[in-house]
Amino acid sequence: MSIQGRVYSVSQVNGYIKDLLDRDGLLSGLFVRGEISNYKMYPSGHHYFSMKDEGGAIRCVMFRREASRLRFRPENGMKVVAFGRVAVFPRDGQYQLYCQELSPDGVGDLHVAFEQLKEKLFREGLFDQGHKRPIPRYPQRIALITSPAGAAVRDMLRILGARWPLARIVLLPVRVQGVEAPGEIASALRYADQHRVADLIITGRGGGSMEDLWAFNDEGVARAIYDCETPVISAVGHEPDVTIADFVADLRAATPSNAAELAVPDQNELFAALFQYEARLEQAMGSRLERNRRELERLGRARALQDPLYYIQDRRMLLDYQSRRLVHGLRGTLAVERERFARLAAALDALSPLKVLGRGYALTTDGAGRVLASVSGVEPGDNVTVRLADGALRCRVEAKQGGENDGGKKEVL
């Protein structure tokens, strides 16, 4: 089969198709709805992904300049609406969607960015209750980080002055809306904390749309609040408004006015409490004085004070009574002991050798005073003492005579 007609190069074909697509007004600016897949972000800052639905897929690219304006982080599986142009990349002949804008399908991009940052900081522990510091009960200095021209700062100054005029207010003016607002707020927070400008920091602004309040949904502001050693109250918008700063701060106030009310006590309430304490103290002291007066009167009527000798007389009577008891007790004890002594003396007297001597017996001892129980204890010529009932005899042994045991043998000196 012969090839007729002109032969084109691949580049020419790709270029021709690119020109066709570029001249198509519909493809030069259209919105495409689909689900993100194969999402990748390269170090260059360009984003590459595909968008698909149940019937097909299209390759997409979002260059760094357009991607820098994103307020949320694209993720696989996220349904989005992309705006851009369809064109061919001549090098590989693939057509793709060059995205200029990208937003979540069904919800705003700010809402998605809010939820993504909220989830990220929650996982990192920036919302932990254990990290939150107590608000000082009686702050001496309060730093206000807000716009100096808004109604919010005027409301806070008015309420703080009315409730607790003893506190010194330090205003750190910042922008609270716009691209430069988050950086100014974060810098003011770090400055106030590092230089110990105040005992308490209040940061916030008045109400507005989610975009107006977006400076307080910035990650840098959230981390600056978390790093503060000084307690921070977040006061952003109206009561229904919730920002990332509210989750990180040590205390969230519904409005700036509410923040001023939470920051300081009410002097009128303190005065009322002091007056109540004063009345209770006076009542308590009056009751105590009355009790002491009655006690003093009772003591004044006591007989001991009216007749000083009454106490001594009572003690004398008690002493006499105790003396009689002591004498009676001693006499009884003495009688018992005397009776016991008599019994023991009788028993001892019955055992006394003198009783035996009274019946005609004698008690003989040698020169050393030892009792002689046998003739073997002396020798002829020894001196002995013979004790009789009515006295003693000093004798010298002339001879000794044995008893029945020695057969009646006699020894003569």
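How are α5 and α6 oriented to each other?

## Basis of the model

This is a predicted model, in which local features need pLDDT of at least 70 and side-chain atom pairs count only at pLDDT 80 or more, while totals for chains, interfaces and linings use all residues. Residues are numbered from 1 along each chain as its sequence is written, and side-chain values use heavy atoms, with hydrogens and water left out.

## Helices α5 and α6

Helix α5 (residues 181-194) packs with helix α6 (residues 219-227) at an angle of about 10°, and their axes are 8 Å apart. The two helices, α5 and α6, are therefore roughly parallel to each other (angles under 35 degrees count as such). Axes are lines fitted to C-alpha atoms over the stretch in contact, and angles run from 0 to 180 degrees between N-to-C directions. Helices are DSSP runs (H or I, at least four residues), numbered from the N terminus.

In this contact (heavy atoms within 4.5 Å), α5 contributes Pro182, Ile185, Ala186, Leu189, Arg190 and Asp193, and α6 contributes Gly220, Val221, Ala224, Ile225 and Asp227.

## Nonpolar cores

The largest nonpolar core has 60 residues, and Phe49, Met51, Leu97, Leu102 and Leu189 have the most contacts inside it. Such a core is a set of buried Ala, Val, Leu, Ile, Met, Phe, Trp, Tyr and Cys residues joined through side-chain atoms within 4.5 Å; buried means under 20% relative accessible area with a 1.4 Å probe, protein chains only. Apart from this core lies another, of 17 residues, including Met156 and Ala253.

## Aspartate 246

Aspartate 246 lies in helix α7 (residues 244-248) and is buried, with a relative accessible area of 7%.

Technical notes: Buried < 20%, exposed > 50% of the residue type's maximum accessible area, 1.4 Å probe, protein only. Parallel < 35°, antiparallel > 145°, perpendicular 65-115°, else oblique.
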